[in-house]
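Trainee: I would like to go through this structure term by term. Please tie each label to its cut-off.

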Amino acid sequence: MDTDSLTEPVLNLHRVSRSFTGESGDVYVLKDINLSINQGDFVMVTGPSGSGKSTLLHVLSLLLHPSTGEVEFLGRSLSKASEADLGRIRAQHLGIVFQHYGLLGRRSALENVKFRFRYLADFLGDANSSSVEALRSVGLEGVKDRPARLLSGGEKQRVAIARAVAAKPQLVVADEPTGNLDHTSALVVMEVLAELNRAGYTLIMVTHNTDLLHFASRHLTLTNGMLQEMQN
């Protein structure tokens, strides 16, 4: 991860809105959002169900175009980017952690992390060593050969985090990464994320659990599609 080259914010949203067509016309889920994510931030986004968190996460992950406004990633406007361009950017520069792990149960932890490199031909020569390093960074090098189906829920989520950071992305986006975990496992996962942040990774996490806010450097709330930054 080349942090020295990042002089611009990692991600900017300029007056971003997102609507979906309903029976009675357009329904706005995100409304005129301005946001800058800087290198080294650990941002948590909270809000009630239906507030637009999932839609915001999809925009931040470059999986969904805004209806209006502009998204800039690493200093580049993505207004005219094709789906193929966005796919390449996600593969090279983004790590995404899902609530439900998304692991292949019969494959080993290492094989699941190496799966991260399937669309990164330039990295294939380093895929094994980078994947082992990523598992080491989440404390799981010792189970690298164990099938994912035999791991605990907390271990599965840590493998998913290792997969997300194996190619050293500029931004990691996590969708309720502790949502399926017990309290103890959730704290272990949060400590892993905090350690990755201290190592230089930029993180955005959506959560319902306000007890985890002390891990973050910034707290944003989303209510009725409108984003507000809270003071720590």
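Mentor: Two strands pair if DSSP finds at least two bridges between them, and strands (E, at least two residues) and helices (H or I, at least four) are DSSP runs, numbered from the N terminus. The model is a predicted one, in which local features need pLDDT of at least 70, side-chain atom pairs count only at pLDDT 80 or more, and totals for chains, interfaces and linings use all residues. Residues are numbered from 1 along each chain as its sequence is written, and side-chain values use heavy atoms, with hydrogens and water left out.

Trainee: How do you know that S7 and strand S8 (residues 203-206) pair?

Mentor: Four bridges join them, and they run parallel.

Trainee: Why is strand S7 (residues 171-175) called largely enclosed?

Mentor: Buried means under 20% relative accessible area, exposed over 50%, and partly exposed in between, with a 1.4 Å probe and protein chains only. Four of the five residues of S7 are buried, so the rest of the structure largely encloses S7.

Trainee: What makes S7, helix H6 (residues 183-198) and S8 a right-handed unit?

Mentor: A crossover is right-handed if, with the strands pointing away from the viewer, the path from the first strand over the helix to the second runs clockwise. S7, H6 and S8 make a β-α-β unit of this hand.

Trainee: What do the buried residues of H6 pack against?

Mentor: Contact means heavy atoms within 4.5 Å. By that rule the buried residues of H6 pack against strand S3 (42-46), H4, H5 and S8. Among these buried residues are Val189, Leu193 and Leu196.

Trainee: Why are S2 and S5 called edge strands?

Mentor: The open sheet has four strands in the order S2-S1-S4-S5, with antiparallel pairing. Strand S2 (25-37) and strand S5 (76-77) each have a single partner strand, so one side of each lacks a neighbour in the sheet. Further in, strand S1 (residues 11-22) and strand S4 (residues 68-73) are joined by five bridges.
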